[in-house]
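Please read this briefing alongside the sequence and the coordinates.

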Amino acid sequence: MDLRKAYDTVEWGFIEEILSDLGFPSHFTHLVMTCLTTTQYSILINGVPTPLLHPKRGLRQGDPLSPFLFTLSMKYFSRAINTVASHPPFRFHPRCKLLHLNHLCFADYLLMFCKGDPKVVQLMFEGFATFSSSTGLQYLGVPISPWKLKGSECDIMIDKMVARIKKINAICRSFMWFGNFDDSRPGSVARDKVCNPKACGTMGFRKIVLWNQAATDWSQFIASNYASWVVSLVCMVKKKCSGKLQSSEWLNKSRYSIKEMYSDLSDSQPKVHWHNQVWNRISVPKHGFILWLYMLNRLNTKARLFRVGVCMDNLCAICGANEETILHLFYKCKFSTNCKTSII
Ligand SMILES: [Zn+2]
């Protein structure tokens, strides 16, 4: 299950109540509530900010306090669902009986387990409804059904997972180039140049889709004509990788390694001689990143920015005497030569 706009819908009254019930000092609760309730928003419409809006509920996205407050709300959920398990008609899922497990939470994702019996499912749902009415959090996503889900009923979940993977990719890309999570401008280096082993002169990020294929331990499956959609899907991936598995290198392996399959699935790129100088444990990540752009000749020097029409001139920002090329910036500029002589 996924919660609808989990952060934006948490009731403030509930947060206050749970803080005081958990025994936090009233002064502390008051400080937290002041942070929450004094939030104001303004929307940019055609570049003009609207008058301030005063929300009535919800946690602020990006506020370091929010995840902790949200976790407290989910703690309440845990308690409510555990209470459900103590009601006599409740039956655990056969595989969760030993552990007395009826739910798992990860951030705003919930997994609920119980016996596939309509009465028991109803009981679980009532537990969730109690939680929902107190916190303001509502359920979204996968249809609840006491029966085995059909393939078509899982479409929504697949769509959401695919959307989530795309979103993760976009956030990583935006954060890497612009330091925030929602910038769609292109970065200085193409995505393919970022997602390959570092030895090939890239950032060493992984391609999530390929990693996912490699992580599917499908080698056990043999599809029959009556195979379900899951098996068919797995076998589709199997087809993609079958060439790899038939090679003598793979046939002689005693265990399946996701990492090895991933590197087999990835296109092999030529290695570069400088990767250890750029990516190593002692260099500061920021410096490594600048050095990496330098090696790819993608550093945004003024000469480069002038060429694409971003800058009015191409002169060095430090000495102002010469064109600001990579060569000038690192070797020829008065400032960098002074720097080097004072260090050496
Ligand atoms: Zn200079």
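For a pair of axes, angles under 35 degrees count as roughly parallel, over 145 as roughly antiparallel, 65 to 115 as roughly perpendicular and the rest as oblique. This is a predicted model, in which local features need pLDDT of at least 70 and side-chain atom pairs count only at pLDDT 80 or more, while totals for chains, interfaces and linings use all residues. Residues are numbered from 1 along each chain as its sequence is written.

**Overall make-up**

- The secondary structure comes to 16 helices and 6 strands, taken as DSSP runs numbered from the N terminus (helices H or I of at least four residues, strands E of at least two).
- Buried residues make up 12% of the 344 residues in the protein, where buried means that 20 or more other C-beta atoms lie within 10 Å of the residue's own, exposed 12 or fewer, and partly exposed in between, with C-beta atoms placed from the backbone.
- Of the contacts with a separation of 6 or more, 49% are between residues 24 or more positions apart, a contact being two residues whose C-beta atoms, placed from the backbone, lie within 7 Å.

**The pair α2 and α3**

- Helices α2 and α3 (residues 26-37) pack at an angle of about 160°, with their axes 10 Å apart; the axes are lines fitted to C-alpha atoms, for helices over the stretch in contact, and angles run from 0 to 180 degrees between N-to-C directions.
- The two helices α2 and α3 are therefore roughly antiparallel to each other.
- On the α2 side the contact is made by Trp12, Ile15, Glu16, Leu19 and Ser20, and on the α3 side by Ser26, Thr29, Val32, Met33, Leu36 and Thr37.

**Helix α4**

- With 20 residues (66-85) at 1.5 Å a residue, α4 should span 28 Å, which agrees with the 29 Å between its end C-alpha atoms; the expected span is 1.5 Å times one less than the number of residues.
- Buried in α4 are Leu69, Phe70, Ser73, Met74, Phe77, Ile81 and Val84.

**Ser78**

- Ser78, which lies in helix α4, is partly exposed, with 15 other C-beta atoms within 10 Å.
- Leaving aside neighbours within four places in sequence, Ser78 is in contact with His103 and Cys105.
- Ser78 and Cys105 are 27 residues apart in sequence and 8.3 Å apart in space, C-alpha to C-alpha.
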